[in-house]
Amino acid sequence: MSAGDSNPAATPTPCEDIQGDGRWMSLHNRFVSDSKDKEPDVLFVGDSLVQLMHQFGVWRELFSPLHALNFGIGGDATQHVLWRLSNGELDNISPKVVVLWVGTNNHGHSAEQICGGLLAIVQVIKNKLPNARILVLGILPRGKLPNPLRERNTQVNHLVAEAVSSLPHASFFSVDPGFVHCNGSISHQDMFGGHCWL
């Protein structure tokens, strides 16, 4: 799908304020503000998996020294990240690397639509940050046992890996070290919020 308006996953859309507390827009505004007085070498953008990285030692040990910024918001789907990046979050920074990890929350979207959403985000990043290298992380498998969401996420990863392989400024990286056992199950120790967690 090439036309953004025919693909809801590739149409920039602010997140609906279901809780009524303005949390999502407040976080977006904070990211825009943070970008005005920071000079990150690495920018992480995505959903709760990105947002939660702050809570782990790996962030302090590996990413903080890189002057990394974390623009993750729990629950975000591709269309939400696309809106955020199109509305100020990239305007005042020039990181060397942008790490993108989103797509697992695109409920009701097909693998092709999600891939289109991810590629639309990659294009916005390229347009706004022409010198940045973009690393698209693969969507983790969902559910303890085989299910349609897991199959869809696997298909998204294949589509994105293939599409990104022809882009000189972007790369795809699978972060799944083998969560799925030979019987198709995922250990409960590896599960977090319905999808795998490292």
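How many disulfides does the count come to by the distance rule? I began my notebook with this point. A disulfide is a covalent bond between the sulfur atoms of two cysteines. The rule I applied takes a disulfide as a pair of cysteine sulfur atoms within 2.5 Å, and by this rule the count comes to zero.

**Entry: the model**

I noted that this is a predicted model, in which local features need pLDDT of at least 70 and side-chain atom pairs count only at pLDDT 80 or more, while totals for chains, interfaces and linings use all residues. Residues are numbered from 1 along each chain as its sequence is written, and side-chain values use heavy atoms, with hydrogens and water left out.

**Entry: overall make-up**

I recorded six helices and seven strands in the protein. Helices (H or I, at least four residues) and strands (E, at least two) are DSSP runs, numbered from the N terminus. Along the sequence the pattern reads α-β-α-α-β-α-β-α-β-α-β-β-β.

I then looked up burial. Buried means under 20% relative accessible area, exposed means over 50%, and partly exposed lies in between (1.4 Å probe, protein chains only). Of the 198 residues of the protein, 48% count as buried.

For contacts, I used heavy atoms within 4.5 Å. Of the contacts in the protein with a separation of 6 or more, 78% come from residues 24 or more positions apart.

I checked C15 and C115. C115 is buried, because its relative accessible area is 8%. C15 has a relative accessible area of 26% and is therefore partly exposed.

Two packed helices are described by the angle between their axes and the distance between the axes. Axes are lines fitted to C-alpha atoms, for helices over the stretch in contact, and angles run from 0 to 180 degrees between N-to-C directions.

I found that helix α5 (residues 111-128) and helix α6 (residues 148-164) pack at an angle of about 45 degrees, with axes 9 Å apart. The two helices are therefore oblique to each other. Angles under 35 degrees count as roughly parallel, over 145 as roughly antiparallel, 65 to 115 as roughly perpendicular and the rest as oblique.

On the α5 side, the contact is made by A111, E112, I114, C115, L118 and L119; on the α6 side, by R152, Q155, V156, L159, V160, A163 and V164. By class, I noted 10 nonpolar, one polar and two charged residues in this contact. Ala, Val, Leu, Ile, Met, Phe, Trp, Tyr, Cys and Pro count as nonpolar, Asp, Glu, Lys and Arg as charged, and the others, Gly among them, as polar.

**Entry: helix α4 against helix α5**

How do the axes of α4 and α5 cross, and within what distance do they come? The axes of helix α4 (residues 78-89) and α5 come within 9 Å and cross at roughly 15 degrees. That makes α4 roughly parallel to α5.

I listed T78, V81, L82, L85 and S86 in α4 as meeting I114, G117, L118, A120, I121, V124, I125 and K128 in α5. By class, the contact of α4 with α5 has nine nonpolar, three polar and one charged residues.

V81 lies in helix α4 and is buried, with a relative accessible area of 0%. Leaving aside neighbours within four places in sequence, I found V81 in contact with V45, G46, D76, L100, V102 and I121.

D91 sits in the loop between α4 and β3 (97-101). At 47% relative accessibility, D91 counts as partly exposed. D91 and V32 are 59 residues apart in sequence, and their C-alpha atoms are 8.0 Å apart in space.
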